[in-house]
Amino acid sequence: KNSPKSGKAPSYRVERIEDLTYRDAVTIGAFQVLSLIPGTSRSGATVLGARLLGIDRRAAAEFSFFAALPVIASASALKLVDFTRYTRGSGVSIPSDALLLLLVSGIVAFLTSLLSIKFLTGFIKKHTFIPFGIYRIILGVAVLMLRGIN
């Protein structure tokens with residue numbers, strides 16, 4: 001790899017998300033399992049896995065965002081099933097205004113997440129993950145210390 005001080009851009013094994021192999025995807029997905037540990041960032045785990053594989057940080061972040069889609073969609077579907085079972089089983093009826101509000105808020109949340117992803121991928125082009133890593137370590141130590149006190 002080239003040094004940033006040499007004036008040349010560093011080279012990575014994979015620089016574009018389109019060049020990821022199935023093996024890369026599965027390996028990064030295995031890192032995503034680390035997020036089952038309480039307090040572990042899902043995106044941080046996937047980006048770490050991708051970076052360890054020699055993947056450019058922008059491609060790593062993009063893949064991390066895409067890897068979240070099935071997780072979020074599955075969790076949302078489970079919540080919807082639970083909600084539907086509860087309302088049918090308990091005889092609770094939901095007013096149509098409330099359902100419309102739920103639909104509009106879901107659409108707004110989706111559009112906001114798209115804007116956030118666009119912002120973050122642009123941010124990642126110019127900045128490293130080091131401040132985020134330091135923040136997560138400090139937060140983790142603080143949480144562990146507070147748990148030890150209680």
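**Helix packing and pockets**

H1 passes H2 in a right-handed crossing; a crossing counts as right-handed if the near helix is turned clockwise from the far one by less than a right angle, and as left-handed if anticlockwise. The model is predicted, with local features needing pLDDT of at least 70 and side-chain atom pairs counting only at pLDDT 80 or more, while totals for chains, interfaces and linings use all residues. Residues are numbered from 1 along each chain as its sequence is written, and side-chain values use heavy atoms, with hydrogens and water left out.

Helices here are DSSP runs (H or I, at least four residues), numbered from the N terminus. Two packed helices are described by the angle between their axes and the distance between the axes. The axes are lines fitted to C-alpha atoms over the stretch in contact, and angles run from 0 to 180 degrees between N-to-C directions.

For H1 and H2 the angle is about 140°, and the axes are 8 Å apart. H1 and H2 are therefore oblique to each other. Angles under 35 degrees count as roughly parallel, over 145 as roughly antiparallel, 65 to 115 as roughly perpendicular and the rest as oblique. On the H1 side, the contact is made by Ile 28, Phe 31 and Gln 32, and on the H2 side by Arg 42, Ala 45, Thr 46, Gly 49, Ala 50 and Leu 52. Contact means heavy atoms within 4.5 Å. By class, the contact of H1 with H2 has 5 nonpolar, 3 polar and 1 charged residues. In this scheme Ala, Val, Leu, Ile, Met, Phe, Trp, Tyr, Cys and Pro are nonpolar, Asp, Glu, Lys and Arg are charged, and the others, Gly among them, are polar.

H1, which covers residues 22-32, also packs on H3, at an angle of about 65° and with the axes 11 Å apart. That makes H1 roughly perpendicular to H3. Here Ala 25, Ile 28 and Gln 32 of H1 touch Phe 63, Ala 67, Ala 68 and Val 71 of H3. The contact of H1 with H3 has 6 nonpolar residues, 1 polar and no charged.

The next pair is H2 and H3. Their angle is about 135°, with the axes 9 Å apart, and H2 and H3 are therefore oblique to each other. Arg 42, Ser 43, Thr 46, Val 47, Ala 50 and Arg 51 in H2 meet Arg 57, Ala 60, Ala 61, Ser 64, Ala 67 and Ala 68 in H3. These residues divide into 6 nonpolar, 3 polar and 3 charged.

On a 1 Å grid over the protein atoms alone, a pocket is an open set of points with protein on both sides within 12 Å along at least five of seven lines, and lining residues have an atom within 4 Å of a point. Grid points are joined across faces, edges and corners, and a volume is the space filled by probe spheres (1.4 Å probe) set on the points.

The largest pocket has a volume of about 1100 Å³. Its lining has 34 residues, with Gly 44, Phe 129, Phe 132, Gly 133 and Arg 136 nearest the centre. H2 (42-52), H3 (57-90), H4 (96-126) and H5 (130-149) each supply at least two lining residues, and the largest share, 10 residues, comes from H5.

The second largest pocket has a volume of about 620 Å³. Of its 19 lining residues, Ile 72, Ser 76, Gly 106, Phe 110 and Ser 113 lie nearest its centre. The largest share of this lining, 11 residues, comes from H3.
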